[in-house]
Amino acid sequence: MMRSLREWLDGAARVLASSPEFSEDSGASPRREAEFLLCHALGLTREALVTRARESLPPDAEGELNALLARRAGGEPLAYLAGKREFYGRMFAVSPATLIPRPETEHLVDAARVLSGMPGVSAADMPFPGRLKDALARAPLFPDAEVRFLDLGTGSGCIALTLAAECPCWKGMAVDISEKALDMARINAKALNAADRVNFLHADFTAADFAERLPEEFRSPCLIVSNPPYVGEEEYAGLERGVREFEPKCALVPGPSGLEHPRAVVALAERLLPSGGLLLMEHGAGQGEAARGLCGTAWSLALTGKDYAGLDRYLLAIRGQVRERNIPAAANPCGDTGQEVTTHEPASGI
Ligand code: GLN
């Protein structure tokens, strides 16, 4: 007797519920994930699934479905099973060579859009100090529409390609040490019609000669974005099994402390950004202070942005000259959302 879609779903939800991946505190819903797998394998929308739940499962689909179910029950992330994940409202192809885009990383895109004066996101909603918000209300950070940006450690390309899709006059150079990750990013660039505005470079951005490998056009970009590997070895050992076993370790762990690549990103940004240039770099929830501390006297502003969970998540730093440093916490206009390293007005007027 042939099984109906609903019968397969009921059974699949039971299999998932009893697997270690779906312990009570994991937050994952076995039923929803079973539905996702069924929709993915049969090419159905969720609405179609509801109306067709009593229909028989196509016999040739059952083997594939059961294989997907076994992989999910074994802890493989849904995004790898589906080969895609949504980021900032667009679908990105992913593979085990790329990190799965996280919602927290969308804050970098928001910040870049706000600071460049793009419509749609209000500076009022951003965790910026009042002085930065006032300055932004007067003029965006980048006076030229033709922004050139670098994305260091692009992975699936989600940051660079989203910026290119959101900001049609921008041109980016996306860098990764993994050729396989760049293959995915190139696929995504084509799918999002951004291949003519985002170039890709296979390189190690921590290498001493990295800057020389950049084409002239990108040697002095006004924006550098990066979601570098930032998980320390010890923290890595405590991450979810699905992350440790399936996501690329080289995209997560730069070295024992986790700060090795963030340090290289800040050093490179210090070298390449012109005065008034912007660095947006994601980091770990416990790295806010350390990340700001990487910014020395060459920076006019260094503050920490929070993520949806209210955790320290990214460094926002503006290149400039500094006269005054280490203002006391009481005088810190960012409150607990960040700390400025200076009260100096940089060349950009912020
Ligand atoms: N946010 C990722 C995690 O905690 C880490 C991403 C990164 O190292 N860039 O799993």
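Colleague: Which residues of α8 are buried?

Modeller: This is a predicted model, where local features need pLDDT of at least 70, side-chain atom pairs count only at pLDDT 80 or more, and totals for chains, interfaces and linings use all residues. Residues are numbered from 1 along each chain as its sequence is written. A residue is buried if 20 or more other C-beta atoms, placed from the backbone, lie within 10 Å of its own, and helices are DSSP runs (H or I) of at least four residues, numbered from the N terminus. In α8 the buried ones are Cys-158, Ile-159, Ala-160, Leu-161, Thr-162, Leu-163 and Ala-164.

Colleague: At what angle do the axes of α6 and α8 cross?

Modeller: Axes are lines fitted to C-alpha atoms over the stretch in contact, with angles from 0 to 180 degrees between N-to-C directions. The axes of α6 (residues 106-115) and α8 (residues 158-166) come within 10 Å, and they cross at roughly 35°.

Colleague: Which residues of α8 does α6 meet?

Modeller: Contact requires C-beta atoms, placed from the backbone, within 7 Å. From α6, Leu-108, Val-109, Ala-112 and Arg-113 take part. Their partners in α8 are Ile-159, Thr-162, Leu-163 and Glu-166.

Colleague: Which residues does Ala-112 touch, not counting those up to four places away in sequence?

Modeller: Ala-112 is among the residues that touch the most other members of the largest nonpolar core. Such a core is a set of buried Ala, Val, Leu, Ile, Met, Phe, Trp, Tyr and Cys residues joined through C-beta atoms within 7 Å. With that sequence limit, Ala-112 touches Leu-163, Leu-223, Val-225 and Leu-280.

Key
Buried ≥ 20, exposed ≤ 12 C-beta atoms within 10 Å, placed from the backbone. Contact = placed C-beta atoms within 7 Å. Helix = DSSP H or I, 4+ residues; strand = E, 2+ residues; numbered from the N terminus.
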